[in-house]
Amino acid sequence: NRSCFFVVQKLYKLLVKIKYIYRANIKVNGTPVRYIGNQIEDAYFCLTDMVKDLDGESNYYLRSWLRNQSTLNFIEVWEVEYNEEFKTIEFDSFKLKSGQNSFMPSVSALSNLGCKSLFSKKGKYGGIYAHVAIAFHFANWLSPKFYLGFIIAFIENNAFSVKRLWS
């Protein structure tokens, strides 16, 4: 039901605009990481929060991660699976640039390609947000310790849903 998907997607965008979407955070190794969404398993986590306690600028970590070929491959797989507005052909030419030194990808460039797995938000709840699957990939790229902490925090905050999946 593709039409149902589009109705839900438009409703979600409307709810975000009028701020009825649930906002919360989880603590990962003591670092609060915000997320937006009605259910944690479909939430968008703030990648900017994940790197705020690391040395250096958050933009450095985010751009370095986005330059990574495996990151672009993972984003592409997610987009093809869950986003029918994704521009696959344009993304392929974008991905070819990933090996070049001058390649500096941004979330806005990905948005122009129809990507929905990541978005940038300005203002009070600002930052780079990513779907939970993409956030797990980012946490894994950051460090094994942070990745394990993210897994544990996710399970602790999502215990009921995880128990349902395992029963």
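## Close-up views of a predicted protein model

**Overview. The protein has nine helices and five strands.** Helices (H or I, at least four residues) and strands (E, at least two) are DSSP runs, numbered from the N terminus. This is a predicted model, in which local features need pLDDT of at least 70 and side-chain atom pairs count only at pLDDT 80 or more, while totals for chains, interfaces and linings use all residues. Residues are numbered from 1 along each chain as its sequence is written, and side-chain values use heavy atoms, with hydrogens and water left out. Read from the N terminus, the elements follow the order α-β-β-β-α-α-α-α-α-β-β-α-α-α. Of the 167 residues, 40% count as buried (buried means under 20% relative accessible area, exposed over 50%, partly exposed in between, with a 1.4 Å probe and protein chains only). The exposed surface comes to about 10,000 Å², and carbon and sulfur atoms supply 56% of it; accessible areas come from the Shrake-Rupley method with a 1.4 Å probe, and for residues only the protein chains shown count as cover. Among contacts with a separation of 6 or more, 56% link residues 24 or more positions apart, where contact means heavy atoms within 4.5 Å.

**View 1. Strand S5 pairs with S3 and with S4.** Let's start with S5 itself, which spans residues 127-131 and has five of its five residues buried. Two strands pair if DSSP finds at least two bridges between them. Strand S3 (residues 44-46) and S5 are antiparallel and share three bridges; here Tyr-44 has His-131 as its bridge partner. Strand S4 (residues 118-121) also runs antiparallel to S5, with four bridges joining the two. Look for Phe-119 opposite Tyr-129 of S5. The hairpin of S4 and S5 has five residues between its strands, and Gly-123 there takes a positive phi near 95 degrees.

**View 2. Ser-120 is a residue of strand S4.** Its bridge partner in S5 is Ile-128. Ser-120 counts as partly exposed because its relative accessibility is 47%. Leaving aside residues up to four places away in sequence, Ser-120 touches Val-107, Gly-127 and Ile-128.

**View 3. Helices H4 and H5 are roughly antiparallel to each other.** Two packed helices are described by the angle between their axes and the distance between the axes. For H4 (residues 69-82) and H5 (residues 88-96), the axes come within 11 Å and cross at roughly 175 degrees. Axes are lines fitted to C-alpha atoms, for helices over the stretch in contact, and angles run from 0 to 180 degrees between N-to-C directions. Angles under 35 degrees count as roughly parallel, over 145 as roughly antiparallel, 65 to 115 as roughly perpendicular and the rest as oblique. On the H4 side, Gln-69, Leu-72, Asn-73, Ile-75, Glu-76 and Val-80 meet Thr-88, Phe-91, Asp-92, Phe-94 and Lys-95 of H5. The contact of H4 with H5 has five nonpolar, three polar and three charged residues (Ala, Val, Leu, Ile, Met, Phe, Trp, Tyr, Cys and Pro count as nonpolar, Asp, Glu, Lys and Arg as charged, and the others, Gly among them, as polar).

**View 4. Glu-76 sits in helix H4.** Glu-76 is buried because its relative accessible area is 13%. Not counting residues up to four places away in sequence, Glu-76 touches Phe-86, Thr-88, Phe-91, Asp-92 and Lys-95.

**View 5. Helices H3 and H7 are roughly perpendicular to each other.** The axes of H3 (residues 58-67) and H7 are 11 Å apart, and the helices pack at an angle of about 105 degrees. Tyr-61, Leu-62, Ser-64 and Trp-65 of H3 meet Ile-134, His-137, Phe-138, Trp-141 and Leu-142 of H7. This contact of H3 with H7 divides into seven nonpolar, two polar and no charged residues. H7 (residues 132-142) is mostly covered, with eight of its eleven residues buried; Ala-135, Phe-136 and Ala-139 are among them.

**View 6. Asn-29 lies in the loop between strands S1 (23-28) and S2 (31-36).** Although Asn-29 is not a glycine, its phi is positive, at about 50 degrees. Asn-29 has 46% relative accessibility and so counts as partly exposed.
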